[in-house]
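Subject: Structure handover

Hello,

Here is the structure I promised you. Please open it and keep it beside this email while you read.

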Amino acid sequence: MEHFTYILYSKSTNAFYKGSTNNLDVRIQRHNAQSEKSTKHGTPWILIWSAEKPSKSEAYKLEMKLKNLTRKRLVLFMLKYNEGFAGPNERKLAEQILDSD
């Protein structure tokens with residue numbers, strides 16, 4: 001079964017959320033439906049970056065690594081692993097965030 005590590009971004013709070021899941025679409029829907037306490041106040045959340053991992057433990061390890069990065073290092077990580085961006089607009093958004101910080 002595939003697992004994902006993902007990074008969401010909220011324009012309203014200018015914040016990132018990092019997580020992992022085995023169903024990315026459903027998980028994002030739950031975040032945007034305000035079903036998750038930790039992301040309730042940042043809706044709408046944008047999927048900015050994700051990576052598919054072969055196991056739940058590997059997805060969780062990457063999630064923990066990302067949660068320990070500073071905001072700047074998180075954006076630099078996403079830019080380094082460019083293939084994880086949800087699309088070109090999300091990459092541009094990451095570059096704008098880096099420039100504004």
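Start with the outward side of helix H4. The face turned away from its buried side carries the exposed residues Pro88, Asn89, Gln96 and Asp99. One caution before you go on: this is a predicted model.

Now turn to the other side of H4. Which residues of H4 are buried? They are Glu90, Leu93, Ala94 and Ile97. Why do they sit on the same side of H4? They cover an arc of only 100° around the axis, so they share one side of the helix. Several elements take part in covering these buried residues. Among them are strand S1 (3-10), strand S2 (15-21), strand S3 (45-53) and helix H3.

H4 itself runs over residues 88-100. It has 13 residues. From its first C-alpha to its last, H4 reaches 18 Å. That is close to the 18 Å expected at 1.5 Å a residue.

Next, look at H3 and H4 together. Two packed helices are described by the angle between their axes and the distance between the axes. H3 covers residues 71-80. The axes of H3 and H4 come within 10 Å. They cross at roughly 150°. The crossing of H3 and H4 is left-handed. On the H3 side, the contact is made by Arg71, Lys72, Val75, Leu76 and Leu79. On the H4 side, Arg91, Ala94, Glu95, Ile97 and Leu98 make it. By class, this contact of H3 with H4 has 6 nonpolar and 4 charged residues, and no polar ones. Two names come back here: Ala94 and Ile97 are among the buried residues of H4, and both belong to the contact with H3.

H1 spans residues 24-32. Its residues Leu24, Arg27, Ile28 and His31 are buried. These buried residues fall within an arc of 95° when seen down the axis of H1, so they line one face of the helix. They pack against S1, S2 and S3. On the face turned away from the buried side, H1 carries the exposed residues Asp25 and Gln29.

Then pick out a residue in a strand. His3 lies in S1. Is His3 buried or exposed? His3 is buried, because its relative accessible area is 11% and buried means under 20%. Leave aside its neighbours within four places in sequence. His3 is then in contact with Thr21, Asn22, Ala51, Glu52, Lys53, Ser55, Lys56 and Ala59.

Last, check the backbone in the loops. Most residues other than glycine have a negative phi, and most peptide bonds are trans.

- Asn14 is in the loop between S1 and S2. Asn14 has a positive phi of about 55°, although it is not a glycine. At 38% relative accessibility, Asn14 counts as partly exposed.
- Gln34 has a positive phi of about 60° and is not a glycine either. Gln34 is partly exposed, with a relative accessible area of 39%.
- Pro44 is also in the loop between H1 and S3. The peptide bond from Thr43 to Pro44 is cis, with omega near 0°.

Over to you now.

Best wishes

How values were computed: Residues numbered from 1 in each chain as written. Predicted model: local features only at pLDDT ≥ 70, side-chain atom pairs only at ≥ 80, totals over all residues. Heavy atoms only, no water. Axes fitted to C-alpha atoms, helices over the stretch in contact; angles between N-to-C directions. Helix = DSSP H or I, 4+ residues; strand = E, 2+ residues; numbered from the N terminus. Left-handed = near helix turned anticlockwise from the far one by under 90°. Contact = heavy atoms within 4.5 Å. Nonpolar A, V, L, I, M, F, W, Y, C, P; charged D, E, K, R; others polar. Expected span 1.5 Å × (residues − 1). Buried < 20%, exposed > 50% of the residue type's maximum accessible area, 1.4 Å probe, protein only. Arc of directions from axis to C-beta.
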